[in-house]
Amino acid sequence: MISIRQVSKWYGSFQVLTECTTEIQKGEVIVVCGPSGSGKSTLIKCVNGLEPFQAGEIMLDGTSVGDAKTNLSKLRARVGMVFQHFELFPHMRIIDNLTLAQIRVLGRASEEARDKGLKLLERVGLKAHAEKFPGELSGGQQQRVAIARALCMDPIAMLFDEPTSALDPEMINEVLDVMVELASEGMTMMCVTHEMGFARKVAHRVIFMDQGRIVEDAAKDDFFGKPRSERAQLFLSKILQH
Ligand SMILES: Nc1ncnc2c1ncn2[C@@H]1O[C@H](COP(=O)(O)OP(=O)(O)OP(=O)(O)O)[C@@H](O)[C@H]1O
Ligand SMILES: [Mg+2]
């Protein structure tokens, strides 16, 4: 579903990604972790064309992301992206946040978009909040709305960039629960997260990045079990202390 081959990227003379290569099959859940500044967000943004890259190739369901002929907005509409900050439109009701792109980008009729929005709100346990504004919801609830909004577009894959790291501890689980459910339904997911409990539970593979490189790309049990690179061990020992 997602193929990343020898991808390198520079910001001016600073190389942020160096020859990153990995494949993500349909239905696979990949957790991407690594120290701050290692290029995790950059890599995930390259996957749906939010950031350009100068070398290598990324294929998304058979379409080349870096190809100048590719219609990026069309491609992006098929990939759900959930960031650390929910980025809901504050002046729009929850249900309108959910229907906007369905109507504008997919051309759905407003009734159909509304039905779909309500169905997905129900799925994340927030149907009762459809008529509220984002500011009336907690951070965890807003992040669940952001996930529902992405799902409204019938995505072929979902990309997450630290979706729980801006949340209060008691709200993290409600968001992770939604992600666990998505994973169990067979959604293809690439998740930047340091929630190692989530990784242990649902990831098929863990990618560990350091200084712009994919240092480890291992089956979950290997990553957590067998000896791994010193850098990954050090990183894990640090985050598991907390
Ligand atoms: N727009 C930019 N211009 C120049 N350098 C950038 C830009 N965006 C990111 N960088 C640099 O690229 C490197 C990788 O950044 P990135 O955000 O991908 O890291 P990350 O692994 O997601 O880190 P974090 O865990 O803190 O989110 C960092 O050194 C960062 O300073
Ligand atoms: Mg980041």
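**Entry 1: β3 and its partners**

Two strands pair if DSSP finds at least two bridges between them. I kept that rule beside me while looking through this model, which is a predicted one. Strand β8 (residues 189-192) is joined to β3 by four bridges, and the two run parallel. I picked out one pair there: Val32 has Val192 in β8 as its bridge partner. Strand β9 (residues 205-210) also pairs with β3 in the parallel sense, over four bridges. Here I noted Cys33, whose bridge partner in β9 is Phe208.

Next I wondered how many residues of β3 are buried. The count is five of its five residues, which leaves the strand mostly covered. Val29, Val31 and Cys33 point one way, Ile30 and Val32 point the other way, and all are buried.

**Entry 2: β6, covered on both faces**

I then turned to strand β6, residues 79-82, and found both of its faces covered. Val79 and Met81 are buried on one side, and Gly80 and Val82 are buried on the other. Strand β7 (residues 157-161) runs parallel to β6, and four bridges join them. Across from Val82 I found Phe160 of β7.

**Entry 3: an open sheet with a helix on it**

A reminder to myself: strands of a sheet pair through backbone hydrogen bonds, either parallel or antiparallel. I looked up an open sheet of four strands, and its pairing is antiparallel, in the order β2-β1-β4-β5. Which strands are at the edges? They are β2 (14-24) and β5 (63-64), each of which pairs on one side only. Inside that order, strand β1 (residues 2-11) and strand β4 (residues 55-60) run antiparallel and are joined by five bridges. One bridge I wrote down takes Ser3 to Met59 in β4.

Helix α1 (residues 40-47) packs on this sheet and touches β1, β2 and β4. The direction of α1 makes about 120° with that of β1. Thr42 has a relative accessible area of 11%, so I put it down as buried. Leaving aside neighbours within four places in sequence, Thr42 is in contact with Lys9, Tyr11, Val16 and Leu17.

**Entry 4: α3 against α4**

On to helices. Two packed helices are described by the angle between their axes and the distance between the axes. The axes of α3 and α4 cross at roughly 125° and come within 9 Å. The two helices are therefore oblique to each other. The crossing of α3 past α4 is right-handed.

Who meets whom? From α3 I listed Ile94, Ile95, Leu98, Thr99, Gln102 and Ile103, and they meet Ser110, Ala113, Arg114, Lys116, Gly117, Leu118 and Leu121 in α4. Sorted by class, this contact has seven nonpolar, four polar and two charged residues.

I also checked which residues of α3 (94-104) are buried, and found Ile94, Ile95, Asn97, Leu98, Thr99 and Gln102. These buried residues pack against α4 (110-123) and α5.

**Entry 5: α5 beside α6**

Helix α5 (residues 139-151) packs with helix α6 (residues 169-184) at an angle of about 20°, and their axes are 8 Å apart. Angles under 35 degrees count as roughly parallel, so α5 is roughly parallel to α6. The crossing is right-handed.

Gly139, Gly140, Gln141, Gln143, Arg144, Ile147 and Leu151 come from α5, and they meet Met171, Glu174, Val175, Val178, Met179 and Leu182 in α6. The classes in this contact are seven nonpolar, four polar and two charged residues.

Gln142 also lies in α5. Is Gln142 buried or exposed? Its relative accessible area is 14%, and buried means under 20%, so Gln142 is buried. With neighbours within four places in sequence left aside, Gln142 is in contact with Phe86, Leu88, Pro134 and Leu137.

**Entry 6: Ala218 to finish**

My last stop was Ala218, which sits in strand β10 (residues 213-219). Ala218 is buried, with a relative accessible area of 13%. Apart from neighbours within four places in sequence, Ala218 is in contact with Arg205, Val206 and Phe223. I also looked up Ala218 and Leu182, which are 36 residues apart along the chain, and their C-alpha atoms are separated by 22 Å.

Notes: Residues numbered from 1 in each chain as written. Chains lettered and ligands numbered in written order. Predicted model: local features only at pLDDT ≥ 70, side-chain atom pairs only at ≥ 80, totals over all residues. Heavy atoms only, no water. Axes fitted to C-alpha atoms, helices over the stretch in contact; angles between N-to-C directions. Parallel < 35°, antiparallel > 145°, perpendicular 65-115°, else oblique. Left-handed = near helix turned anticlockwise from the far one by under 90°. Contact = heavy atoms within 4.5 Å. Nonpolar A, V, L, I, M, F, W, Y, C, P; charged D, E, K, R; others polar. Buried < 20%, exposed > 50% of the residue type's maximum accessible area, 1.4 Å probe, protein only.
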